[in-house]
Amino acid sequence: MEIQKSSKLLIGLFVAVGILLTKIFFIQVFDNGYKEDATNNSMVYDVIYPTRGTIYDRNGKIIVSNKVAYDILVTPREVQPFDTVMLAQILNVSEDFIRDKMKEYARNRSRIGYQSMTMIKQIPSESYMRFSEVQYKFPGFKGLARSIRDYPFNAGGNLLGYVSEVDASFLKSHPEYRSGDYAGKTGIEAAMEQELKGEKGYHIYLRNSKNQIESAYENGAYDKEAVPGNDVYTTIDAVLQQYGQELMKNKVGSLVAIEPSTGEILSLVSSPGIDVEMLADISKHYNDIIKDPYKPMFNRAVQASYPPGSVFKLVNGLIGLEEGVLKPEYAYPCNHGYPYGNRKLGCHGHRSPLILEDAVMMSCNGYFCYVLKNILENRKYDSIQDSFTKWREYVMSFGFGHKLGSDFPAELGGNIPTSNYYDRIYGKNGWKFTTIISLSIGQGEIGVTPLQIANLSATVANNGYYYIPHIIKESENVKIDDRFKERNYTMVDTTQFQKVRGGMWKAVNAPAGAGGTAHVAAVEGLDICGKTGTAQNPRGADNSVFICFAPKDNPKIAVAAYVENAGFGATWAAPIASLMIEKYLNGEVKRADLEKRVMDGNLMSRVKKD
């Protein structure tokens, strides 16, 4: 019995050994995968960086392309004694710079291992050529050609965004990247990073026992070619974008243009912004940019929250119409404002009383105080909290109080207050219409972005619906989300919008002396419809606001101009926005005197800097 057990154990042992030997033989002879793992310590991967995708405007103009730049890399463990003075002269850097770098690599020797480190980025091609001729004298040093961004068209740094080397915080949230990689950090470059970046390739080399590169691994059989990034087509009109930037020069604010029938963003200007010449080497200019008191990296078009001012009267008027508390023929008085208690919400002088169309044309404050009063004191609601909540729902349906959902990064949503907010401040029954009367004219706790008021203009142009504003056009290799193709209807019936559009047309096109607040925006034959706004600003002079669209029938473009500390809407915002429309629809501007006044205007000194 014992002998049988021993025999079985021996047989089992021989079988196990046989299986193990067979597997080892298979691994050594047939399976290259294990070979690669086993020789991994002697393998060197030389990364090939892909060409980043080109960015085009809506008409096929290149707005971001690529050019070749050269970096100097060093693999510290391969470095041998070298002539520091000679290398410094070739690379046009100081000797101390090179010595400090080598000391840094020595301190981090164990962490670096056999990695190659980027010692100098984007050296001039002349320096690179000088280095390549004597590279053999500097073992461990090598040059790397890589593409960097080039800007043949000045389409705006804040819009396009910049590409830079990834840092530790980026790597933590993007483990697919490696140190030395580049990625889009802002603007379109960030929004379309996955499409633009391409796919890295590599050459594999073998290192000998002396840590020297000896030969290509398997004659390059396992090398991988880099895959270029996809080209991206934007909705931007590069000519219009550049023109908008010229109009906004020496002014603080935003200028946004949208195609109402698609929601495509034609222009998105934030001023002051980053010049495209800084983008290719943003690190060189970064400290100066962030120290600029006007905050050029802050994209006001999508991130700044402003009071909308009188352009918001359109929203209140439309809500009043839909709620049945306002009829176009209703007339309300205005004697330089709306009196309540011993106070008055002021207004400029004009004839009185007014009906809706003329109240829009003249931007009457008193009229729209009556409108909001009727909305909030509507007897079909049990309390002001209920009527206010309904009012807020209407406002939100216009795209306010939340992010619109654009494909442009860093978009913020602004603020539309809630009834609970006022309950906390004034108590459950401690507030009424006159407490929040400033909401009648787009003041108070309302905060909107210029993108949102441009979207309001597009919504009125469309008679009650909008497409989510977006900046990427669908193309063969790049698809856009279906949400950008869907109509978003407001809670106001489409039939109501014609009742305010007439007032917007009159504001621009009524004969001089009729009281239109935006006569300066008129362009013969374009039928521009507009609404001025003058938004109070606790930090100085009022902000100048204007929204418009054209033509009145079948609108092709909607614009919002918001200029900080610039005074009346008709003074600066209206001329700027109307010049944009004239440029886009006519291809040229004939109002040369107005154009010159706008372009020569310098309002920077009016703005209080942080």
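Visitor: Which element gives the largest share of the lining of the second largest pocket?

Guide: That's strand 5, with 4 residues. Keep in mind that this is a predicted model. Strand 4 (117-123), strand 6 (163-165) and helix 13 (282-291) also give two or more residues each to that lining.

Visitor: How much space lies in the second largest pocket, and what makes a residue part of its lining?

Guide: The pocket holds about 660 Å³. A lining residue has an atom within 4 Å of a pocket point, and 29 residues line this pocket. Closest to its centre are Arg146, Val163, Ser164, Asp181 and Tyr182.

Visitor: How does the lining of the second largest pocket divide by class?

Guide: You get 12 nonpolar, 6 polar and 11 charged residues. Asp and Arg count as charged, so Asp181 and Arg146, two of those closest to the centre, go in the charged class.

Visitor: Strand 4 came up there. What is the phi of Gln122, which is found in strand 4?

Guide: Near 50 degrees, a positive value in a residue other than glycine. Most residues other than glycine have a negative phi.

Visitor: Back to strand 5. Where does Pro152 lie, and what is it in contact with beyond its sequence neighbours?

Guide: Pro152 is in the loop between strand 5 (141-150) and helix 7 (157-160). Leaving aside neighbours within four places in sequence, Pro152 touches Ile62, Ile63, Val64 and Ser65. Contact means heavy atoms within 4.5 Å. The C-alpha atoms of Pro152 and Ser65 are 7.5 Å apart, although 87 residues separate the two along the chain.

Visitor: Which residues of helix 11 and helix 22 meet?

Guide: Val239, Leu240, Tyr243, Gly244 and Leu247 in helix 11 meet Ile576, Leu579, Met580, Lys583 and Tyr584 in helix 22. By class, that contact has 8 nonpolar, 1 polar and 1 charged. Gly counts as polar and Lys as charged, so Gly244 and Lys583 belong to those two classes.

Visitor: Why are helix 18 and helix 19 called oblique?

Guide: Their axes come within 9 Å and cross at roughly 140 degrees. Over 145 would count as roughly antiparallel, and 65 to 115 as roughly perpendicular; the pair is therefore oblique. Gln385, Phe388 and Thr389 of helix 18 make the contact with Ser419, Tyr422 and Asp423 of helix 19, a set of 2 nonpolar, 3 polar and 1 charged.

Visitor: At what angle do helix 17 and helix 18 pack, and which residues make the contact?

Guide: Helix 17 (residues 365-376) and helix 18 (residues 384-397) pack at about 115 degrees, with axes 8 Å apart. Leu372, Ile375 and Leu376 of helix 17 contact Ile384, Ser387, Phe388 and Trp391 of helix 18. The classes there are 6 nonpolar, 1 polar and no charged residues.

Note on methods. Residues are numbered from 1 along each chain as its sequence is written. This is a predicted model: local features need pLDDT of at least 70, side-chain atom pairs count only at pLDDT 80 or more; totals for chains, interfaces and linings use all residues. Side-chain values use heavy atoms; hydrogens and water are left out. Axes are lines fitted to C-alpha atoms, for helices over the stretch in contact, and angles run from 0 to 180 degrees between N-to-C directions. On a 1 Å grid over the protein atoms alone, a cavity is a set of points where a 1.4 Å probe fits but cannot get out, and a pocket is an open set with protein on both sides within 12 Å along at least five of seven lines; lining residues have an atom within 4 Å of a point. Grid points are joined across faces, edges and corners, and a volume is the space filled by probe spheres set on the points. Angles under 35 degrees count as roughly parallel, over 145 as roughly antiparallel, 65 to 115 as roughly perpendicular and the rest as oblique.
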